[in-house]
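Please brief me on this protein-ligand model. Cover the fold, the core, the ligand shell and a few individual residues.

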Amino acid sequence: MKHYILGTVAAFALASAAEAQQRVVIATITSPTSHFGLGAEAFFDTLEELSDGKFVGEQAPAGQLGGERDLIEGLQIGSVDMALISSGPLGNFVPEAYAFDLPFLFRDYDHARAVLDGEIGQELLEKVNEQNLVGLAWGENGFRHVTNNVRPVLAPEDLDGLKMRTMENKVHMAAFTGLGASPTPMAFPELFGALQTGVVDGQENPVTVISASKFWDVQKYASLTGHVYSPAILLASPVLFDGLTEEEQGWFYEAAAAAVEANRAEVNRLEEAGVALMRENGMEVTTQIDKAPFARLAEEASYGVYTDEYGSEMIERIKAVE
Ligand code: EAX
């Protein structure tokens with residue numbers, strides 16, 4: 001951790017040393033050393049180097065500036081510079097982005113990364129750019145898994161009646177309704193407390209988030225359902241970005257590529273280490289799951305949310321990517 005966290009005095013001492021220096025804040029909702037925090041750090045390293053120190057980076061981690069939906073609104077009006085967040089609430093602003101939230105659509109990490117880094121990812125970034133946002137690059141949150149405090153989940157029946165927190169995302173909510181759970185949408189910063197006090201029984205997130213947020217302190221069971229791939233996105237505010245020269249904008253894109261690399265490297269690391277970590281911290285982890293019944297119920301309940309509006313062409317295109 002080389003960069004300061006928003007609110008520390010030292011960062012400003014540094015920033016005021018050179019008149020022309022510009023401070024850039026990246027907001028995340030996870031810890032500064034999480035997969036998003038490390039992405040932000042790599043962004044700053046590259047940007048500081050390319051700009052010869054003109055730009056100085058600072059993280060605003062752990063939801064300091066709000067939940068992911070608040071951050072998107074802040075980016076639109078310019079009260080937030082940049083954010084590295086999951087795409088969970090993005091569909092509320094860019095409905096075409098719901099395509100990426102469909103359960104059991106991406107086969108594996110290679111497939112997801114190929115789609116996001118290719119033509120389809122680019123097209124969706126352009127849609128994002130039409131909504132008073134600047135989509136710099138797709139990053140990664142990871143495949144999401146179910147955790148809860150009631151029982152091990154091996155089959156959809158085990159979700160029956162469980163109060164599951166979902167993101168504020170109507171595709172995810174429809175999928176969990178189809179699986180028999182009661183979905184409760186909630187902003188991430190409220191989640192830990194809601195699990196602790198029993199407002200909800202469970203939640204679903206990738207290993208990256210489960211470990212960064214120490215959900216093992218408030219959740220007993222984890223099941224590697226991998227029911228949906230969760231992309232992340234590195235966004236900038238047009239208020240910041242449009243004020244940059246073309247050369248500087250180029251540096252931001254280069255720095256974004258470095259951020260994605262570091263972010264995905266941490267996802268890879270936790271995909272290897274995550275199950276052992278969860279077990280060491282007292283969770284009962286079910287790794288062998290027959291995904292077919294989950295896929296059938298989740299798809300039946302949720303694909304229409306997207307296809308009723310946009311048809312199935314994008315889904316077919318995503319599936320066709322090698
Ligand atoms: O951004 O809200 C969520 O569950 C997100 O996956 C997560 O916190 C990472």
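## Briefing

Lys214 counts as exposed because it has 12 C-beta neighbours inside 10 Å; the cut-offs are 12 or fewer for exposed, 20 or more for buried, and partly exposed in between, counting other C-beta atoms within 10 Å of the residue's own, all placed from the backbone. This is a predicted model, in which local features need pLDDT of at least 70, side-chain atom pairs count only at pLDDT 80 or more, and totals for chains, interfaces and linings use all residues. Residues are numbered from 1 along each chain as its sequence is written.

**Confidence**

- The chain averages a pLDDT of 95 (the predictor's confidence in each residue, from 0 to 100).
- A score of at least 70 is reached by 95% of the residues.
- For the complex, the predictor gives an ipTM of 0.97 and a pTM of 0.94.

**Overall fold**

- Twelve helices and nine strands make up the secondary structure count of the chain. These are DSSP runs, numbered from the N terminus: helices are H or I with at least four residues, strands are E with at least two.
- Along the principal axes, the C-alpha atoms fill a box of roughly 60 × 45 × 30 Å.
- Of the 322 residues, 49% count as buried.
- Among contacts between residues at least 6 apart in sequence, 77% join residues at least 24 apart. A contact here requires C-beta atoms, placed from the backbone, within 7 Å.

**Ligand shell**

- Which residues surround the ligand? They are Ile29, Thr30, Glu68, Ile85, Ser86, Gly88, Asn141, Met167, Phe188, Asn205, Val209 and Ser230. The criterion is a C-beta atom, placed from the backbone, within 6 Å of the molecule.
- By class, this shell has five nonpolar, six polar and one charged residues. Ala, Val, Leu, Ile, Met, Phe, Trp, Tyr, Cys and Pro count as nonpolar, Asp, Glu, Lys and Arg as charged, and the others, Gly among them, as polar.

**Nonpolar core**

- The largest nonpolar core has 92 residues, and those with the most contacts inside it are Phe43, Ala83, Leu84, Leu235, Ala256 and Ala259. Such a core is a set of buried Ala, Val, Leu, Ile, Met, Phe, Trp, Tyr and Cys residues joined through C-beta atoms within 7 Å.
- Helix 10 (residues 246-280) gives the largest share of this core, ten residues.
- Ala256 touches Phe43, Leu136, Ala137 and Leu234, not counting residues up to four places away in sequence.
- Ala83 lies in strand 3 (residues 82-86). Ala83 is buried, with 28 other C-beta atoms within 10 Å.
- Beyond four places in sequence, Ala83 contacts Ile26, Ala27, Thr28, Leu71, Leu75 and Leu235.
- Ala83 and Ile29 are 54 residues apart in sequence and 9.0 Å apart, C-alpha to C-alpha. Ile29 is one of the residues around the ligand.

- Tyr306 sits in helix 11 (residues 292-310). Is Tyr306 buried or exposed? Tyr306 is buried, with 25 other C-beta atoms within 10 Å.
- Leaving out residues up to four places away in sequence, Tyr306 touches Tyr98, Ala99, Leu102 and Val171. The C-alpha atoms of Tyr306 and Ala99 are separated by 6.5 Å, at 207 residues apart along the chain.
- Glu309 is also in helix 11. Glu309 counts as exposed, with 10 C-beta neighbours inside 10 Å.
- Phe55, in strand 2, is buried, with 22 other C-beta atoms within 10 Å.
- Phe55 and Asp308 are 253 residues apart in sequence and 45 Å apart in space, C-alpha to C-alpha.

**Positive phi**

- Most residues other than glycine have a negative phi.
- Asp52 has a positive phi, near 55 degrees. Asp52 lies in the loop between helix 2 (35-50) and strand 2 (55-60). With 7 C-beta neighbours inside 10 Å, Asp52 counts as exposed.
- Lys214 has a positive phi, near 50 degrees. Its loop runs between helix 8 (207-212) and strand 8 (221-236).

Terms used
Two residues are in contact if their C-beta atoms, placed from the backbone, lie within 7 Å.
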